[in-house]
Amino acid sequence: MSVEEESAEQTSTEIPLEPGTLYVVSTPIGNLEDLTFRALRILKNTDRILCENAGHSRRLFQSYSITTPASTLYRDQSETPYQGILEELKAGKTFALVSDAGTPGVSDPGSHLIRIVRESGFKITPVPGASALTALLGISGWQANPFLFLGFLSEKKGKKRNQLTEWKEFEGLIMIFESVHRIGDTLAAVQEVFPDCEYLMGREMTKIHEEILHFSPILPGKPKEFAHKGEFVVLINTNRKKMLKGSLGSVDTN
């Protein structure tokens with residue numbers, strides 16, 4: 001059998017779930033069609049799904065006829081956290097961990113459980129999928145190295161500016177997540193700390209009302225107005241040297 005034939009056979013054969021494993025499963029960030037075949041298979045066949053919010057995930061499960069028992073994962077602050085889950089993993093059970101959208105542990109709850117499971121010697125398997133981070137980064141047209149991800153900034157205006165100022169001399173790409181309630185303050189802080197930098201903003205990524213907006217100090221005209229609704233991802237290009245040389249990549253703003 002050739003390498004190509006062997007690879008085709010491996011990808012076409014359903015791989016059974018491995019006992020005693022925690023699967024960290026990425027789910028759609030908006031468009032339900034972004035769930036992968038692998039994620040669907042695991043969600044349908046695992047013993048239980050641990051959710052950031054089981055009620056929120058119900059729509060996804062109903063859309064794909066996923067009937068696996070699901071429960072909301074609450075942070076366990078006991079002396080022996082998640083002991084029940086660890087005992088079930090030891091008995092050979094499998095779990096799938098999902099957040100409300102995207103990848104668990106990326107600006108979402110779940111990292112505490114993942115750390116405890118790893119420290120207890122059990123296997124953790126990533127099941128990648130949709131990501132607002134890579135979705136916006138991939139269409140920026142900007143060199144993605146070096147790249148800095150700050151997640152959600154502080155709710156406090158002063159601390160928010162301090163967090164950005166800490167990276168004022170960084171030359172590369174900086175990405176932040178933001179909610180609808182704080183996007184105005186955050187953009188004001190970005191413009192204050194990085195007045196000569198371009199930035200790209202994605203609103204409601206992969207959803208019906210998705211917007212990709214490009215803001216640049218070197219382009220004429222005012223930035224396009226946008227609806228203050230939904231969730232936001234902001235990508236700041238702080239590489240001033242490339243900006244001055246005019247060697248920035250083009251940006252797709254459609």
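Rings of Phe, Tyr and Trp (for Trp, the six-membered ring) pair if their centres lie within 6.5 Å. In this predicted model, such ring pairs link Phe149, Phe152 and Phe177 into a cluster. The structure holds five aromatic pairs.

**Phe152 and Phe177**
- The ring centres of Phe152 and Phe177 are 5.8 Å apart, and their planes stand at 70°. Planes over 60 degrees apart count as edge-to-face, so this pair is edge-to-face.
- Phe152 belongs to strand β6 (residues 147–152), and Phe177 to strand β7 (residues 173–179). The pair therefore ties together parts that are 25 residues apart in sequence.
- Phe152 is partly exposed, at 40% relative accessibility.
- Phe177 is buried, at 12% relative accessibility.

**Phe226 and Phe232**
- The rings of Phe226 and Phe232 have centres 5.8 Å apart and planes at 65°, so this pair is edge-to-face.
- Both phenylalanines, Phe226 and Phe232, are buried.

**Arg203**
- Arg203 sits in strand β8 (residues 198–203).
- Arg203 has a relative accessible area of 7%, so the residue counts as buried.
- A polar atom of the Arg203 side chain lies 2.9 Å from the backbone oxygen of Lys229.
- A polar atom of the Arg203 side chain also lies 3.2 Å from the backbone oxygen of His209.
- Leaving aside residues up to four places away in sequence, Arg203 touches His209, Glu210, Glu211, Phe226, Ala227, Lys229, Glu231 and Phe232.
- Phe226 and Phe232, among the residues that Arg203 touches, are the two rings of the edge-to-face pair with planes at 65°.

Terms used:
Residues are numbered from 1 along each chain as its sequence is written. This is a predicted model: local features need pLDDT of at least 70, side-chain atom pairs count only at pLDDT 80 or more; totals for chains, interfaces and linings use all residues. Side-chain values use heavy atoms; hydrogens and water are left out. Rings of Phe, Tyr and Trp (its six-membered ring) pair if their centres lie within 6.5 Å; planes under 30 degrees apart count as stacked, over 60 as edge-to-face and the rest as tilted. Helices (H or I, at least four residues) and strands (E, at least two) are DSSP runs, numbered from the N terminus. Buried means under 20% relative accessible area, exposed over 50%, partly exposed in between (1.4 Å probe, protein chains only). A polar contact is a pair of N or O atoms within 3.5 Å; within protein, one must be able to donate a hydrogen and the other to accept it, and residues adjacent in sequence count only if both atoms are side-chain atoms. Contact means heavy atoms within 4.5 Å.
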